[in-house]
Amino acid sequence: MRRLLPAPGPLDDAALEDDAALEDDAALADAYRLPAGRSVRVNFVVSLDGAITVEGRSEGLGSLGDQRVFRLLRALADVVLVGHGTAAGEGYRPVAADSAVGRLRRELGRPPVAPIAVVSRRASLAPGDRLAVAPTLLVTCAAADPGRRAALAAAGVDVLVCGDDDVDLPTALDLLADRGLEQVLCEGGPSLLAAALEAGVVDELDLTLAPALVGGEARLLPGRLADVVRPRLVQLLEDDGVLLTRYAVGRSPTIRTTSP
Ligand SMILES: NC(=O)c1ccc[n+]([C@@H]2O[C@H](COP(=O)([O-])OP(=O)(O)OC[C@H]3O[C@@H](n4cnc5c(N)ncnc54)[C@H](OP(=O)(O)O)[C@@H]3O)[C@@H](O)[C@H]2O)c1
């Protein structure tokens, strides 16, 4: 893996075998670490023509480099925010302490587990779902079925009621921050990304550009935004033909990186 922007050069030892490179994530962590404080970072893998899935799953666009960044961003985050459609479609489960992410978190001096926060207007997370346990959070609204909310709370899910008829994302981020969950990694999907952009809460968009043309599948955004958003490229890595980008979004003049 090498950095093309802002300071071109190798990011890790190219002589390392793939497995060893997985262990050598210190330089990659420096490239993605954020200073303390609140932030919302969105991570997606996308094909050259804007598709986010192959046959309904993001897996078909994956690569070793993308998986490394995916794990690292989870390791650096306080909480993983995800729409219910993605959590259900991609088979989300809690981050385990003995998983690759858990081990990486420990290596980086972080608590081994980051909770998953599922966004669902209808509180669709089913009691009994493997995510419906502590420390999972459910980000929902008052219009969601009260019985469902109570059942999930009884199962150990931290239910955050953010708004009346719809989820108010700024309120959700405030409630997460109240729990010490300040650095938010949003893993989509497109409906949640659109809502987060419309709410103006996205600070950073990390797009992995997979060298693939797919056509006909779900796109990064489901419809037209009210205003065009113009992210600014602040970092570009390359790994085996895959481009790994960091874009600053919104009002922040630049991403507050800790890397050179
Ligand atoms: N390539 C990638 O990196 C990537 C990343 C993520 C997802 N994906 C793909 O995207 C697809 C899923 O798309 P999707 O649009 O269904 O995803 P989604 O945004 O994850 O899920 C939509 C559902 O999540 C809830 N939701 C999302 N935003 C909300 C908001 N602002 N307020 C309240 N509820 C909200 C709603 O659930 P309720 O109906 O329960 O209220 C909504 O029906 C999957 O195929 C997945 O593989 C790809």
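**Ligand site and backbone features of the predicted model**

A polar backbone atom of I52 lies 2.7 Å from a nitrogen atom of the ligand, a polar contact being a pair of N or O atoms within 3.5 Å; within protein, one atom must be able to donate a hydrogen and the other to accept it, and residues adjacent in sequence count only if both atoms are side-chain atoms. The model is predicted, so local features need pLDDT of at least 70 and side-chain atom pairs count only at pLDDT 80 or more, whereas totals for chains, interfaces and linings use all residues. Residues are numbered from 1 along each chain as its sequence is written, and side-chain values use heavy atoms, with hydrogens and water left out.

An N or O atom in the side chain of R122 is 2.8 Å from a ligand oxygen, and a ligand oxygen is 3.0 Å from a backbone N or O atom of L192. The protein buries 84% of the 910 Å² that the ligand exposes when taken alone (accessible areas by the Shrake-Rupley method with a 1.4 Å probe; for residues, only the protein chains shown count as cover).

The shell around the ligand comprises 25 residues, of which T86, E90, S120, S124 and S191 come nearest (a residue is near a molecule or strand if one of its heavy atoms lies within 4 Å of it). By class, eight of the shell residues are nonpolar, twelve polar and five charged; Ala, Val, Leu, Ile, Met, Phe, Trp, Tyr, Cys and Pro count as nonpolar, Asp, Glu, Lys and Arg as charged, and the others, Gly among them, as polar. At least two shell residues come from each of β3 (39-47), α4 (84-89) and α8 (190-198), with helices (H or I, at least four residues) and strands (E, at least two) taken as DSSP runs numbered from the N terminus. The largest contribution, four residues, is that of α8.

Twelve salt bridges are present in the structure (a side-chain nitrogen of Lys or Arg within 4 Å of a carboxyl oxygen of Asp or Glu). One of them pairs R2 with E238, with the closest N and O atoms 2.9 Å apart. This pair links distant parts of the chain, 236 residues apart: R2 in strand β1 (residues 2-5) and E238 in strand β10 (residues 232-239).

Most residues other than glycine have a negative phi, and most peptide bonds are trans. A cis peptide bond joins A134 to P135, with omega about 10°; P135 lies in the loop between β5 (116-119) and β6 (137-140). Another cis bond, with omega about 0°, joins G188 and G189, and G189 falls in the loop between β8 (183-186) and α8. E55 has a positive phi, near 50°, and is located in the loop between β3 and α3 (64-76).
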